[in-house]
Amino acid sequence: MSQILPATIPAELFAERADAIAVAAGELAAAGWTPATSSNFSMRLDGEHAAITISGRDKGKLSRDDIMVIDMHGKAVGTSARPSAETELHTQIYRRMPEMNVVLHTHSRTQSVASRLFAREGVVKLEGWELQKAIAGQTTHDAELAIPVFPNTQHMPELVAQVDAWLDAGKPLHAYLINGHGIYTWGRDMAETRRHLEALEFLLGCELDLRRLSA
């Protein structure tokens, strides 16, 4: 892939972020969370650009050539490659939350099943779990951590509008599920975002176990 970088982005920065995405993607693929080329990952490059996975690539075998640059409107920059169809969900987080620098979206079995199970309620309410404190800003197991479940659609502006409506209502948002799909979460750096993703995977699995055992 031929990638021409904007003048404001040093080649070393792009390489660093692309490598970080590839490493994370490889590890998440090995965990079985990115089946059949699903999932997408991005990192902010500056106030106007982000690096993101190219659509349709095997997430277990990514290299720098599988990462491209987009602007904050989700448009490709300096390449003819096509970003994920869900790119607008990444750029929305970067626009609405300037302190966030990484967005990870995966399709684990746990995430996918939870998204269907809780779709009718429209939210997963996590409360009483010690691991809730792995999410930035959560300081006690006693607080409720709400993970909304948005209806799936192939029309990205509809999903963007749903996320905007949640945020505009003043509700805290650390992650969200999409019905029959997977999870989106984010953080200030890759380590924080991976921590969020792994904690939410565990917590969703616990909630599924509780539903199963109490049935």
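Me: Is R211 buried, partly exposed or exposed, and how is that read?

Reply: Buried means under 20% relative accessible area, exposed means over 50%, and partly exposed lies in between, with a 1.4 Å probe and protein chains only. R211 has 33% relative accessibility, so R211 counts as partly exposed. The model is predicted: local features need pLDDT of at least 70, side-chain atom pairs count only at pLDDT 80 or more, and totals for chains, interfaces and linings use all residues. Residues are numbered from 1 along each chain as its sequence is written, and side-chain values use heavy atoms, with hydrogens and water left out.

Me: With which residue does R211 form a salt bridge?

Reply: Side chains of opposite charge can pair when their charged atoms come close. A salt bridge is a side-chain nitrogen of Lys or Arg within 4 Å of a carboxyl oxygen of Asp or Glu. R211 pairs with E121, and their closest N and O atoms are 2.9 Å apart. Helices (H or I, at least four residues) and strands (E, at least two) are DSSP runs, numbered from the N terminus. E121 is in the loop between α3 and β5 (123–126) while R211 is in helix α5, so the pair ties together parts that are 90 residues apart in sequence. E121 is partly exposed, at 48% relative accessibility.

Me: How many salt bridges are there by this rule?

Reply: The count is 11. One of them joins E192 and R188, at 3.7 Å from N to O. E192 is buried at 12% relative accessible area, whereas R188 is partly exposed at 43%.

Me: How far apart in helix α5 are R212 and D209?

Reply: An α-helix has 3.6 residues a turn, so residues three or four places apart point the same way. R212 and D209 are three residues apart in helix α5, which separates them by about one helical turn. They form a salt bridge whose closest N and O atoms are 2.5 Å apart. R212 is exposed, with a relative accessible area of 56%, and D209 is partly exposed at 37% relative accessibility.

Me: Which residues does UniProt list for "binding site"?

Reply: UniProt positions are given in the numbering used here, feature names are shortened, and annotations may be inferred rather than shown by experiment. The unreviewed UniProt entry lists H105 and H107. The lining of the largest pocket includes H105 and H107. On a 1 Å grid over the protein atoms alone, a pocket is an open set of points where a 1.4 Å probe fits, with protein on both sides within 12 Å along at least five of seven lines; lining residues have an atom within 4 Å of a point.

Me: Where do H105 and H107 lie?

Reply: H105 is in strand β4 (residues 102–106), and H107 is in the loop between β4 and α3 (109–117). H105 is buried at 0% relative accessibility, and H107 is buried at 17% relative accessible area. A polar contact of 3.0 Å joins their side chains; such a contact is a pair of N or O atoms within 3.5 Å, where, within protein, one must be able to donate a hydrogen and the other to accept it, and residues adjacent in sequence count only if both atoms are side-chain atoms.

Me: Which residues of α3 are buried?

Reply: Q111, A114 and S115 are buried in α3. They cover an arc of only 105° around the axis, which puts them on the same side of α3. The arc is that of the directions from the helix axis to the C-beta atoms. R109 and R116 are exposed on the other side of α3.
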